[in-house]
Amino acid sequence: MLVTDLTYHLEEPAKYDNIKKVVKQASEGPHTGILCYTENKTVSSSLTIDTHSSTFDPGAGIALNDHFLNLIF
């Protein structure tokens, strides 16, 4: 298991709720089976049996403002 912590500085403003929506749509569309979107509380042991390449936990990320955010995969 690997945790990826991505920090973004956006040129154009974006609300964290919109970012979450786009990631969820990707997980249900073109990245089905690859990207998992979950709002369930996750622990490392639950991720070891998951077959997805990446799991996005929207509760783990944070938007400091509309231009600076941190996503956890």
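## Close-up views of the predicted model

**Figure 1. Overall composition of the chain.** The secondary structure of the protein chain comes to two helices and five strands, in a model that is predicted. Read from the N terminus, these elements follow the order β-α-β-α-β-β-β. Of the 73 residues in the protein chain, 26% count as buried, and the accessible surface comes to about 5,200 Å², with 55% of that area belonging to carbon and sulfur atoms.

Figure 2. Three strands make up an open sheet, arranged in the order β1-β5-β4 with antiparallel pairing. The edge positions are taken by β1 (5-9) and β4 (62-63), each of which pairs on one side only. Strand β4 is joined by two bridges to β5 (residues 68-72), the two strands running antiparallel, and within this pairing Ile 62 has Asn 70 of β5 as its bridge partner. Helix α1 packs on the sheet, where α1 touches β4 and β5, and the direction of α1 makes about 35° with that of β5.

**Figure 3. The largest nonpolar core.** This core has 10 residues, namely Leu 10, Ala 14, Tyr 16, Val 23, Ala 26, Leu 35, Tyr 37, Phe 56, Leu 69 and Leu 71. The elements that contribute two or more residues to the core are α1, β2 (35-37) and β5, and the largest share, three residues, comes from α1. In soluble globular proteins, nonpolar side chains tend to be buried together. One of the core residues, Ala 14, touches Ile 19 and Asp 66 when residues up to four places away in sequence are not counted.

Figure 4. Ser 27 lies in helix α1, which spans residues 16-28. Ser 27 counts as buried because its relative accessibility, 11%, falls under the 20% limit for that class. Leaving aside residues up to four places away in sequence, Ser 27 touches Thr 32, Leu 35, Cys 36 and Tyr 37; among these contacts, Leu 35 and Tyr 37 are also members of the largest nonpolar core.

**Figure 5. The two salt bridges.** The count of salt bridges comes to two. In one of them, Asp 66 pairs with Lys 15, with the closest N and O atoms 3.0 Å apart. Asp 66 lies in the loop between β4 and β5, whereas Lys 15 lies in the loop between β1 and α1, so this pair ties together parts that are 51 residues apart in sequence. Both partners count as partly exposed, Asp 66 with a relative accessible area of 29% and Lys 15 at 48%. The side chains of Lys 20 and Asp 17 also meet in a salt bridge, at 3.2 Å from N to O. Because Lys 20 and Asp 17 are three residues apart in helix α1, about one helical turn separates them; Asp 17 is exposed, with a relative accessible area of 55%.

**Figure 6. Val 3 beside the end of the sequence numbering at Phe 73.** Val 3 lies in the segment before β1 and is exposed, with a relative accessible area of 53%. Although Val 3 and Phe 73 are 70 residues apart in sequence, their C-alpha atoms are 5.9 Å apart in space. Val 3 touches Ile 72 and Phe 73, not counting residues up to four places away in sequence.

Notes: Residues numbered from 1 in each chain as written. Predicted model: local features only at pLDDT ≥ 70, side-chain atom pairs only at ≥ 80, totals over all residues. Heavy atoms only, no water. Helix = DSSP H or I, 4+ residues; strand = E, 2+ residues; numbered from the N terminus. Buried < 20%, exposed > 50% of the residue type's maximum accessible area, 1.4 Å probe, protein only. Contact = heavy atoms within 4.5 Å. Pairing = 2+ DSSP bridges. Axes fitted to C-alpha atoms, helices over the stretch in contact; angles between N-to-C directions. Core = buried A, V, L, I, M, F, W, Y, C linked by side-chain atoms within 4.5 Å. Areas by Shrake-Rupley, 256 points an atom, 1.4 Å probe, with all protein chains shown as cover. Salt bridge = Lys/Arg side-chain N within 4 Å of Asp/Glu carboxyl O.
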